[in-house]
Amino acid sequence: MGDSKEAGAEAPPAGATARGGLSLLSQGESEEPSAQGSALFLGGSEVKSRAVVKYSSAPPRAAFARLEEKTDLKLPPANWLRESAKLGPAGTTILGTSKKSKPFSSFGMAYDFIDSVGNDVDVVSDSENIKKLLKIPYSKSHVSMAVHRVGRTLLLDELDIQELFMRSSQTGDWTWLKEFYQRLIDQKWQRKKKSKEHWYQKAILSKFLYYSINGDGAAQPVPSAAEQRESSSSDQTGDSDGASWPAPFEMPSPVSEDPSASSQGSEPLEPSYIVGHLASAPKEQNLTTLFNDGENSQGLKNDFVRNILWTFEDIHMLVGSNMPIFGGGRYPAVSLRLRDNNKPINVLTGIDYWLDNLICNVPELVMCFHVNGIVQKYEMIKTEEIPNLENSNFSTKVIKDIAQNILSFLKSNCTKEGHTYWLFKASGSDIVKLYDLTTLCEETEDKYQNPFTMPVAILLYKVACNMMMKKNQNKKHYGTIRTLLLNCVKLLDKSRHPQIIASANYMLSELFQLDEPKKEENSESPLNENSDESYSEEEEEMPDSDENGSYCTSSDPPDDNKAVAIIKSVGELSVPEKYKSIHQIRPSCAFPVCHDTEERCRLVLSYVLEGLKSVDSSIKKESDLPAADPSTPIPLKYEDESARGGPEGLEKQMALFLDKMGSLQKGNCSSQSGMTPGSWQHKMKLQLILKSSKAYYVLSDAAMSLQKYGRALRYIKLALQSHDTYCCLCTNMLSEVLLFLSQYLTLCGDIQLMLAQNANNRAAHLEEFNYQTKEDQEILHSLHRESSCQGFAWATDLSTDLESQLSVSCKCYEAANEILQFSDLKSQNPEHYVQVLKRMGNIRNEIGVFYMNQAAALQSERVVSKSVSTAEQQLWKKSFSCFEKGIHNFESIDDATNAALLLCNTGRLMRICAQAHCGAGDEFKREFSPEEGLYYNKAVDYYLKALRSLGTRDRHPAVWDSVNWELSTTYFTMATLQQDYAPLSRKAQEQIEKEVSEAMMKSLKYCDVDSASARQPLCQYRAATIHHRLASMYHSCLRNQVGDEYLRKQHRVLADLHYGQAGRLFQLLKDTPCELLRVQLERVAFAEFQMSSQNSNVGKLKTLSGALDIMVRTKHAFQLIRKELVEELGQPKSEEPTPVADSAPGLNREEVLKLLGIFESRLAFLLLQSIRLLSPAKKKTSNNVEEDVALKTNKHIYSQLLRATANKNTSLLERIDVLVHLLDQLARGSAVQ
């Protein structure tokens, strides 16, 4: 219908609940009754009725003309069956239509008001069907109706058994139903012909209505020739009066003789039908517009004059009506009825008139009485008075109860969507039965024999489409949509309707959110509720028309096991709430709970696969395709990098890839299967392939998080193969799809990197990579119909070579970055762009470290005297280039921390270069070379840049500390090498000492000994070592220097200062006893050197006293050594308390013995010198007592020491015990002194 549908608003009527608004055509305001709800108070009880016209195709309402008495209705008026501006097309005027409703009339309305189906409306049907149902307890007539459920909505259509069985006799269709009917209901069925009286009454009614609209000259008869036309028209009308049934699906059907009947449509249900009726999905949901809203066919168009949303009590019905409505003058809206004066109005007629007026909201009824076609009189009756007419009394309350009981009965028993139910009451019977024709039909050879299958499937599809448009507004409908689509797919033959099957499966896949976990585990649909309300769904019957009623006069069988439900007596329908519905309408529409991502993606892929199969099956050029068996796994080629030409081959493949990306921007399209761009197959396959690529991407990401890297690579390979096929088919690449590709390549780069870092588990990864499910094989088979799927082979091969994997990972990130440059994606997706650059910087760091380690390995294998090889230099260049690019990546996104780390690694590379140059030349003649100095200074520059990049320690304390440590190490190494391998051939001693001193002090500057951290002991050891080396250097300078007394004094002070600092720091460490002992021995040697230059005995005694005091302080070192020896030997510790300290594992016995020997000799020397100096001094000083005590103590200790050292069989532990004991005595003697 071309008429528009509008929604207005109206105030709710008194006593009725406001539901929806007025929906009328612009011209309908003058020809339809005002859409106002009416609260009628009849028989002392209130019945609520409200009618809203949702659509009207009637021309402006014509004034009804009262005919003169004695007008002969047997004579046709001049305007009979002719079109006019007032009347509109003949047969579809305001007079209504003489045709019976079509078998799919409810579907036509449902298609036009799809928003109401499934939720808001309880019943969709022709008004005649509604009336027929509500008259069941009063009428002996048969009732035969088809019932279908869509959500909470029931669709009611007349099921004309006569017409069906006539077709069965001609074509062989419906034989199963005919046999079933004859076996269980009427064994002697035969077609009943309509009487001449029936056609006579129809003819005079038609003429009466034309007379009433004609006005002037209404009684003018036409010539007698018109009477012949009348009879022929009557016969013609009689032949075409029956509803035209389409054959099941594609079976041919006979052509109707009535032109108007053929215009209504009686063609078979062919696949072309779909094009007109399937709703296109919303663009915002990325659903392809597959179907055009073209002309309707198959008699499924909504051809009612008006569609009305009728609320009767609590029942909401979408009703189609063709009742003639007249207006004008004193009667703005009246219904016109013709009655035989000799036949009084009965209850059936009264209910019929009353319901018609309620449904159309007509306030008055005008009845014209005639005798043998001669007009006698007119009578005006208000609608609310109809139930109280003489001979036609009925209770409106009972009608309400009947409506609620019938709807509740149907609602409780018609529970399966997609099934066709048959509500049947034989003529003269009180038993009403409900059969499931779908179940009965499935028992036959061809389950698609049911002609309702296709319309039901399409309606389920359209309702699902409509709900999909609103799915973001209310995701709890997902379960309902899924049930609708699954039932739709179940009803259709895959080979006959691939387009709907593919589209339904795609929508099913769209229901599952792939980019986020399920938030609602149990998303219940509103249709998942118990319906405690009573609803009724009614079908129509012409008043008093029982001409088709003699179907079965035999008694009903006592038990019918084929019936789903039975109403044992129609009288039960009048009992209030006898059949109150308590049945859960849709127990299976809850959305499935997917407990993990893989389960959700697998469901999506199963729907995608079914959709692809449907699309592929509809493509005709099968012979042009390469033969492939979907059950045979497609081999995954396994090559190592050498077979593909190494990184150079990778560069070529990348160039080809980028060329392809550029061509996509120009809209190139190539399909191997021969699909036409723009066809529904092309559009649908594009969407399905894109969906599969997303699903595989999510699967890959999930496998990545589980550290199943082989599986992750397999899934991302399938995602990229899907995307490659999409690129081959796509004529206009969307930026969103390019973004997907960038994300896929980014993830692929991550996987390749993780595979490179987990090479020890390569066999398990390879096994996971080569595994394929049957579903994956079939999807890949469908992809291979369109392309070779090799566009991203360079990115998804599982290589055994570490360098190759790192290179592939880097190329994936570079390709992802290049894609972002093609359009404005970089600015539109800044977060993704930052992530890609971060990954590029990281992989370049990984590759740089890889080359750097390779260079270090070559260096370690090289002969010491050999010069630097070309291979090493090439590796340095590659490593440096990667670091430089990585630093640029991080700096471009202001990532100072990572930039600092790469600068730090570059500094480490410079140190490796410096170390490589130190091996040249003879070890004995080795000097610190200029090349070493150059590279060490470059390393220092990069470390300082790293510190400048970080700015302050607060930015990233761990990185800051690491850079400081590396910088300190560089200075320390440089100073140590200059000190140990002094370049005396190039520089003066003083200059070298100055440079060493400066480098050592800088190393101390960046060595943080105060901050508590895991590195603090290392820093303390480094600082102690620096002080020790500086002290040793100044000590050596002092020994070798002659002349400048100022410098000698300065060196003496500095040496003493650094020895003190070194001893203090080694004392703090508590796990470096040998180093502490060595420092103290050097301090003693420094004291001895000072004493040698002293002349006075007092000065010498003072120096000796200081040296012996240093010796006493070495007791701590011996205690630590003793503790370690005891632990090694497993001997019990002595009672002498030892300080608690963490001992370093693996005491160097050889070094301990060497140091112990030196210590014993120096202690003996100091004691001897002390005895010598104290002996003559005894005569010259006054403090004889103290000196005597000191002399005595020293002699005693000296004698014990000599005896202990003379015994060569004494163990190391015993020697240490003796020394500790002697040092204790010496300490006590010093204290006394």
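Among contacts (heavy atoms within 4.5 Å) between residues at least 6 apart in sequence, 77% join residues at least 24 apart. The structure is a predicted model, in which local features need pLDDT of at least 70 and side-chain atom pairs count only at pLDDT 80 or more, whereas totals for chains, interfaces and linings use all residues. Residues are numbered from 1 along each chain as its sequence is written, and side-chain values use heavy atoms, with hydrogens and water left out.

The protein contains 39 helices and 14 strands, taken as DSSP runs (H or I, at least four residues, for helices; E, at least two, for strands) and numbered from the N terminus. Of its 1233 residues, 55% are buried, that is, under 20% relative accessible area with a 1.4 Å probe, protein chains only.

Strand S9 (residues 334–340) is mostly covered, with seven of its seven residues buried. Val 334, Leu 336, Leu 338 and Asp 340 lie on one side, and Ser 335, Arg 337 and Arg 339 on the other. S9 is joined to strand S8 (residues 325–326) by two bridges in the antiparallel sense, at least two DSSP bridges being required for strands to pair. Ile 325 stands opposite Ser 335. With strand S10 (residues 364–371), S9 pairs in the parallel sense over seven bridges, and Glu 364 of S10 is the bridge partner of Val 334.

The whole structure holds 15 aromatic pairs, defined as Phe, Tyr or Trp rings (for Trp, the six-membered ring) with centres within 6.5 Å; planes under 30 degrees apart count as stacked, over 60 as edge-to-face and the rest as tilted. The pair of Tyr 696 and Tyr 715 is stacked because the ring centres are 6.3 Å apart and the planes at 25°. Since Tyr 696 lies in helix H18 (residues 680–705) and Tyr 715 in helix H19 (residues 709–729), the pair ties together parts 19 residues apart in sequence. Both tyrosines, Tyr 696 and Tyr 715, are buried. Tyr 971 and Tyr 1006 are also stacked, at 6.2 Å centre to centre and 5° between the planes.

How values were computed
Buried < 20%, exposed > 50% of the residue type's maximum accessible area, 1.4 Å probe, protein only.
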